Amino acid sequence: MNTPSENPSIILSDDVTIAGNLTPLIFFSDGTLRWSNGGDERRLILEKEVLGVSIDGSRIILRCVVENGGGGGFLCCATTETLVRKSFVFQLPDDSVTVWFQKLREFLDSLGRPKRLLVLVNPYGGQKAALKIFVDIVKPLLKDAETEFTLKETRYQLHAKEIASELDLTKYDGIVCVSGDGVVVEVINGLLQRDDWETAIKIPLGVIPAGTGNGVAKSLLDLVGEPCSAFNATLAILRGHRRSLDVATVSQGNTRFFSVLMLAWGLVADIDIESEKWRWMGSARLDLYSNM
C-alpha cells in the first residue's frame, strides 16, 4: 500500500504557457511542480529549488536555484560550479493566477525559512573580500528569497561581540556572519554573556565563508556533502537548515571565554597571533609564518 508521500494529491492544475508553449502545470501536495516542455517532463521541488515566488499580472515568477542546464525559463545570473540562479515564468489564466500565487506562497511559508536576518560583514578578514562576496553572491540570493536583512560592517576587534550583546533579538530570525571564524566566535561570546543568554543562544547563526579560516562553515557544509562556498552556505541559510553545535568554556581568573571550533595555545596560537601582520595574504600567512 502506497503512503501519501509516495502518491501525493494534486493541489492545483491548469493549462499554462511557458517559453511560448502551452502545457499542463500540476502542483502536488508534496511541493512538486510538474509540466512538459517539448515532450520532456520538467519538475521543480519547492523545498529544494525554489527560493521565492512573485506575481506580475497573469504571470507567476519562480526564483530558483537549479542544477546547471536543468529546466526551462531564463537564466538571470552567474553560475557556481554546478548550480545556477534561474527564473521560471508561467503565464496563467487571469481567473486562477491569484490562487496559484497564494498556494505556492503558503507552501514556501510553511517551510519555516528565515524572513528577517541581521548580516554582519567583516571587511578586514581574510583578503578583505567579504563585502564583495556579500554584494555579488549573498545579496542576490537574499533578494530572490524575499528575505529582509539589516547589514552591519564590523569596524574593530570584538565589535561583533558588542553588537550581539546589545541586539534586540525579537527583530530577527537569525544572525549571519559573512566572515571567517573569528566573527562567529565573537557573536557567540556576545550572546552567552547576556543576562538572557539561555534564550539568546537559541537564535540561529549562519556562517558564510569569507575569512582566513573558515572551519565552521566548512565543517557544516561537509556534513551535508556540499562544497565550502559562499553560494552553498547562503542557500543552506535561506532553506532554514540547522545543526546543533557544542560550546566549550574556558575560565582564567575572572575572565570566561566560549569557543565552538577550537582552543589553542603554544606554537599554534603563536602562529595565529603573530601572523596577523600578514593578514592581506589570506590563509597563506599561516603557512609562511609556521615555516620561519
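**A walk through the predicted fold**

Of the 292 residues of the protein chain, 42% count as buried, where buried means under 20% relative accessible area, exposed over 50%, and partly exposed in between (1.4 Å probe, protein chains only). This is a predicted model, in which local features need pLDDT of at least 70 and side-chain atom pairs count only at pLDDT 80 or more, while totals for chains, interfaces and linings use all residues. Residues are numbered from 1 along each chain as its sequence is written, and side-chain values use heavy atoms, with hydrogens and water left out.

The secondary structure of the protein chain comes to ten helices and 14 strands. Helices (H or I, at least four residues) and strands (E, at least two) are DSSP runs, numbered from the N terminus.

Start with the parallel sheet. Four strands form an open sheet, ordered β10-β9-β11-β12, with parallel pairing. β10 and β12 (205-209) stand at the edges with a single partner strand each, so one side of each is left without a neighbour in the sheet. Neighbouring strands here are turned by 20° against each other on average, direction ignored. The axes behind that angle are lines fitted to C-alpha atoms, for helices over the stretch in contact, and angles run from 0 to 180 degrees between N-to-C directions.

Two strands pair if DSSP finds at least two bridges between them. β9 and β10 pair in the parallel sense over six bridges. One detail to look up is L118, whose bridge partner in β10 is T150. In a regular strand the side chains alternate between the two faces of the sheet.

Now the helices. In α4 (residues 159-166), H159, A160, I163 and A164 are buried. Seen down the axis of α4, these buried residues fall within an arc of 135°, so they line one face of the helix. The arc is that of the directions from the helix axis to the C-beta atoms. What covers the buried residues of α4 includes β9 (116-121), β10 (148-153) and α5.

Helix α5 is mostly covered, with eleven of its twelve residues buried. Among them are D181, E186 and N189, along with V183, I188 and L192.

Next comes a hairpin. Strands β13 (residues 248-252) and β14 (residues 255-259) run antiparallel, joined by five bridges. V250 stands opposite F257 in β14. Two residues lie between the strands of this hairpin, and G253 in the turn has a positive phi of about 65°. S259 is found in β14. At 7% relative accessibility, S259 counts as buried. Leaving aside neighbours within four places in sequence, S259 is in contact with D246, V247 and A248.

Last, the cysteines. With a disulfide taken as a pair of cysteine sulfur atoms within 2.5 Å, the count comes to zero. C64 is buried, at 1% relative accessibility. C228 is partly exposed, with a relative accessible area of 33%.

Technical notes: Contact means heavy atoms within 4.5 Å.
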